[in-house]
Amino acid sequence: MSLEAETAHLQLDEPVIKRGSWLNRLRILGALIVLLALPWYVYPPVDILLGYTGLLSFGHAAYWGASAYTTGIVAIKTGLPFPVAVLAGIIMAMAIAVPVGWLSVRRTGIYFAMVTLAFAQMLYFFANQWRDVTGGENGLQGIPRGFFGVGLVETDSFYFYYAGLAFAVIGALIAWRVVNSPFGRVLVAIRDNPARARALGYNVDRYKLTAFVISAGLAGLAGGLFAISHGFASLQELDWRTSGKVVLITVLGGIGTLWGGPIGAAIVVLLEDRLATSGFEGIGIITGSIFVVVVLLFRRGVWGTARHYLGAELLARRRRY
């Protein structure tokens, strides 16, 4: 029996979008409407953190932050349009992820998390000490939003959102393609039973490393857009608490789902913003309490739970008719 036949029964966490499916088209249209309308209701625009859908680690702030700093340095030193600067940030994030991933993927569970955290802290220390380049504790200030001389995009966050949205959508499409591909099916097989995947002939460590680097690249895309949109890059982008927030967002939205990341990010960022503007200082108490409630009552996360019950309801209706 072929390897493809052996893994054909594996189900992806996000089902493949079938052509001609009106329900999936409606979902995509609804998502686009929300993305296009977001700046009218949220100011400043919320960064859409797509890309933290690969390997879950406690060190992905390293790739977010490395990309933010690289993007800022390129934008400041060269004056190139921000898409070029963000691309440089993505390349840097993926380049760092190769040796880190090569060492990390040989560990599992808490050991993998600790190794990634250790490397992230090393990068944090490096950025703090290299003050001539990174600005140290002051960070990089005044990162320009160069965009081929288009003044509205370069000076107004509202219009920049739509320019940056195109890159976020590209990141989402890359993540979707990875999940809905033979490569994605192998990743599911490795996640569920690495010993069997290895017995079938798959190089488990190589697949894990590839997924790790892709995940770092998507995190780098988000970090670069963050630096450009806010006009600065600081040590906070490399801090371990940023990695912890990624875990929080992933669990809240739904582990193993493409829509869970944006939904979890929206919940956390909007909640923190509203609490901060109201003068409330115990933000961590509120977000931590919500995290505990979701873990205890909604094990699949917000989007994962909603999709589960919606799918069960649709299946029940089909059986009735």
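**Helices that pack, residues that show**

Guide: Helix 12 and helix 14 pack at an angle of about 40°, with their axes 10 Å apart. Axes here are lines fitted to C-alpha atoms, for helices over the stretch in contact, and angles run from 0 to 180 degrees between N-to-C directions. This is a predicted model, in which local features need pLDDT of at least 70 and side-chain atom pairs count only at pLDDT 80 or more, while totals for chains, interfaces and linings use all residues. Residues are numbered from 1 along each chain as its sequence is written, and side-chain values use heavy atoms, with hydrogens and water left out.

Visitor: Why are helix 12 and helix 14 called oblique to each other?

Guide: Angles under 35 degrees count as roughly parallel, over 145 as roughly antiparallel, 65 to 115 as roughly perpendicular and the rest as oblique. The angle of about 40° belongs with the rest, so helix 12 and helix 14 are oblique. Their contact (heavy atoms within 4.5 Å) is made by L248, V251 and L252 of helix 12 and T287, I290, F291, V294 and V295 of helix 14.

Visitor: How do the residues of the contact of helix 12 with helix 14 divide into nonpolar, polar and charged?

Guide: Seven are nonpolar, one is polar and none is charged. Ala, Val, Leu, Ile, Met, Phe, Trp, Tyr, Cys and Pro count as nonpolar, Asp, Glu, Lys and Arg as charged, and the others, Gly among them, as polar.

Visitor: And what makes a helix a helix here?

Guide: Helices are DSSP runs of H or I with at least four residues, strands are runs of E with at least two, and both are numbered from the N terminus. The protein comes to 15 helices and two strands.

Visitor: How do you know that the length of helix 12 agrees with its 14 residues?

Guide: The expected span is 1.5 Å times one less than the number of residues. For helix 12 (residues 240-253) that gives 20 Å, and the end C-alpha atoms are 20 Å apart, so the two agree. Just after helix 12, G254 takes a positive phi of about 135°.

Visitor: What makes helix 12 mostly covered?

Guide: Of its 14 residues, 10 are buried, where buried means under 20% relative accessible area, exposed over 50% and partly exposed in between (1.4 Å probe, protein chains only). Among them are V246, V247, L248, I249 and T250. Across the 321 residues of the protein, 43% count as buried.

Visitor: Why is helix 13 called roughly antiparallel to helix 14?

Guide: Helix 13 (residues 260-277) and helix 14 (residues 283-297) pack at an angle of about 150°, with axes 10 Å apart. That value is past the antiparallel cut-off, so helix 13 is roughly antiparallel to helix 14. L271, E272, L275 and A276 in helix 13 meet I283, I286, T287 and I290 in helix 14. Those residues divide into six nonpolar, one polar and one charged.

Visitor: Is the crossing of helix 12 and helix 14 left-handed or right-handed?

Guide: The crossing of helix 12 and helix 14 is left-handed, meaning that the near helix is turned anticlockwise from the far one by less than a right angle, with clockwise giving right-handed. Helix 13, in turn, passes helix 14 in a right-handed crossing.

Visitor: Why does V292 count as partly exposed?

Guide: V292 is found in helix 14. Its relative accessibility is 44%, which lies between the buried and exposed cut-offs, so V292 counts as partly exposed. V292 and L252 are 40 residues apart in sequence and 9.6 Å apart in space, C-alpha to C-alpha.

Visitor: What makes F148 exposed?

Guide: F148 has a relative accessible area of 60%, so F148 is exposed. F148 lies in the loop between strand 1 (140-141) and helix 7 (151-155). Its phi is near 55°, a positive value in a residue other than glycine.
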